[in-house]
Amino acid sequence: MSGHIDAVFKSVDATFIPAGGSYIDGVWVPAATEPVSGFVVNVQPLSDKELDFLQRGGERILDPRKIYVNNGNLDAITLDGMWLFLGQQWKVVRTDNRPWRKYCKVTVDRYDDQP
């Protein structure tokens, strides 16, 4: 998707914050991580099939979207974390990242209780 800009769907600047932490005596302890900025993402709605798949997981889905990463360091994107774009925080639901092919598709859902 490198350099793919579509006039129909909106491309915006985004920041990725990877989930960090480690196990200490068998207990997961979250730790702060450095945000990775410089991404341009193309925001698109989910198809009915993709939405149905997410709803079967039993988790409440508030505002699902899929994003395609146009530009940025694809190697810095991990399977979990949080995205910041459109002035909101979005949790990662699913990631398909293939940096060797310059392709990254991420399914995200907006966190509750944001201004």
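Start at helix H1, residues 48-55, and select Glu50 inside it. You are looking at a predicted model. Is Glu50 buried or exposed? Its relative accessibility is 14%, so Glu50 counts as buried, because the cut-off for buried is under 20%.

Now show the side chain of Glu50. It reaches the backbone nitrogen of Ser47 at 2.9 Å. The side chains of Glu50 and Lys105 are joined by a polar contact of 3.1 Å. Which residues does Glu50 touch, once neighbours within four places in sequence are set aside? They are Lys66 and Lys105.

Move on to the charged pairs. Side chains of opposite charge can pair when their charged atoms come close. The whole structure holds 5 salt bridges. Select Asp96 and Arg98. Their side chains form one of them, at 2.7 Å from N to O. Asp96 is partly exposed at 26% relative accessibility. Arg98 is partly exposed too, with a relative accessible area of 34%. Then go back to Glu50 and keep Lys66 and Lys105 in view: salt bridges with shared partners link Glu50, Lys66 and Lys105 into one network.

Select Asp63 next. This residue is buried, with a relative accessible area of 17%. Its side chain meets that of Arg65 in a salt bridge of 3.2 Å, N to O. Arg65 is partly exposed, at 24%. Asp63 also makes a salt bridge with Arg110, at 3.3 Å from N to O. Why trace this pair along the chain? Asp63 sits in the loop between H1 and E5, while Arg110 is in strand E8, so the pair ties together parts 47 residues apart in sequence. Arg110 counts as partly exposed, with 23% relative accessibility.

Now go inside. In soluble globular proteins, nonpolar side chains tend to be buried together. Here, the largest nonpolar core has 17 residues. Select Phe39, Val41, Ile67, Val69, Trp83 and Phe85, which have the most contacts inside this core. Strands E1 (11-18), E4 (36-44), E5 (64-71), E6 (81-85), E7 (88-98) and E8 (103-110) each supply at least two of the core's residues.

Zoom in on Val41. Beyond four places in sequence, its contacts include Val12, Ala14, Ile67, Val69 and Trp83. Lys10, Ser11, Tyr68 and Asn70 are also among the residues that Val41 touches.

Select Ile24, Val27 and Val29: they make a nonpolar patch of about 240 Å². Val29 belongs to strand E3, residues 27-31. At 33% relative accessibility, Val29 counts as partly exposed.

How values were computed
Residues are numbered from 1 along each chain as its sequence is written. This is a predicted model: local features need pLDDT of at least 70, side-chain atom pairs count only at pLDDT 80 or more; totals for chains, interfaces and linings use all residues. Side-chain values use heavy atoms; hydrogens and water are left out. Patches are made of residues with over 30% relative accessible area and no salt bridge: like charges are joined within 9 Å, nonpolar side chains (Val, Leu, Ile, Met, Phe, Trp, Tyr) within 5 Å. Accessible areas come from the Shrake-Rupley method with a 1.4 Å probe; for residues, only the protein chains shown count as cover. A salt bridge is a side-chain nitrogen of Lys or Arg within 4 Å of a carboxyl oxygen of Asp or Glu. Helices (H or I, at least four residues) and strands (E, at least two) are DSSP runs, numbered from the N terminus. Buried means under 20% relative accessible area, exposed over 50%, partly exposed in between (1.4 Å probe, protein chains only). A nonpolar core is a set of buried Ala, Val, Leu, Ile, Met, Phe, Trp, Tyr and Cys residues joined through side-chain atoms within 4.5 Å. Contact means heavy atoms within 4.5 Å. A polar contact is a pair of N or O atoms within 3.5 Å; within protein, one must be able to donate a hydrogen and the other to accept it, and residues adjacent in sequence count only if both atoms are side-chain atoms.
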